[in-house]
Amino acid sequence: MLELARTELILGGQKSGKSRRAEALAAAWMAGGASRRAVLVATAEAGDEEMRARIERHRRDRVAGLAVLEVPRDLAGALARLNDPQTLVVIDCLTLWLTNRLMPLHGAPDRPEDVDAAVVGLQDALRASAGPVFTRKGVSFPIPTASCARPAPPACCVRRRRRWRTCRR
């Protein structure tokens with residue numbers, strides 16, 4: 001039987017297997033009982049053809065039975081809605097979530113204090129989550145949200161160097 005941490009932060013560069021790992025954990029979780037479900041909370045937004053193709057590839061390769069909720073910005077709210085001990089949540093991905101807040105495709109970026117509040121809100125939601133939560137974050141820069149591969153802003157590196165102490169592994 002696969003032993004799951006209540007929370008796990010999966011790190012790696014592009015195409016390093018982060019999605020495969022998270023989806024394998026989700027498949028193992030769902031196989032553990034008929035009442036179990038897994039939800040992928042997707043933060044990516046398709047700003048150009050390259051990103052659309054990446055998103056489509058992920059959709060094609062997804063594990064059977066994995067539900068999807070597209071949430072580019074409100075991760076804390078999504079975790080609150082999915083708060084169920086029989087639901088495993090995979091957040092894909094934190095880098096794109098921060099990018100959506102700091103350099104959105106549409107509208108004004110969040111103010112630094114709003115980004116800080118969103119990070120704290122997400123940490124609180126992770127702590128309050130009844131079921132397991134796996135987050136994945138790309139660690140290679142620049143952030144590939146568009147073909148121009150905009151460089152990551154200093155705030156992304158992250159204000160006050162917050163660590164994701166909430167995650168068990």
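Helices (H or I, at least four residues) and strands (E, at least two) are DSSP runs numbered from the N terminus. The model is predicted: local features need pLDDT of at least 70 and side-chain atom pairs pLDDT 80 or more, whereas totals for chains, interfaces and linings use all residues. Residues are numbered from 1 along each chain as its sequence is written, and side-chain values use heavy atoms, without hydrogens and water.

β4 runs parallel to β2, to which 6 bridges join it; strands count as paired if DSSP finds at least two bridges between them. Within this pairing, Arg37 stands opposite Thr87 of β4.

The largest nonpolar core has 21 residues, of which Val41, Leu75, Leu79, Val89, Ile91, Trp97 and Leu122 touch the most other members. Such a core is a set of buried Ala, Val, Leu, Ile, Met, Phe, Trp, Tyr and Cys residues joined through side-chain atoms within 4.5 Å. At least two residues each come from β2 (37-42), α3 (75-81), β4 (87-92), α4 (94-102) and α5 (112-128), and α5 gives the most, with 6 residues. Beyond its neighbours within four places in sequence, Leu75 is in contact (heavy atoms within 4.5 Å) with Val41, Thr43, Ile91, Leu94, Trp97 and Leu122.

A second, separate core of 12 residues includes Leu25, Trp29, Met30 and Val90. Over the ring of Trp29 sits the charged end of Arg36, 3.7 Å from the ring centre; the criterion is NZ of Lys or CZ of Arg within 6 Å of the centre and within 35 degrees of the ring normal.

Methods
Buried means under 20% relative accessible area, exposed over 50%, partly exposed in between (1.4 Å probe, protein chains only).
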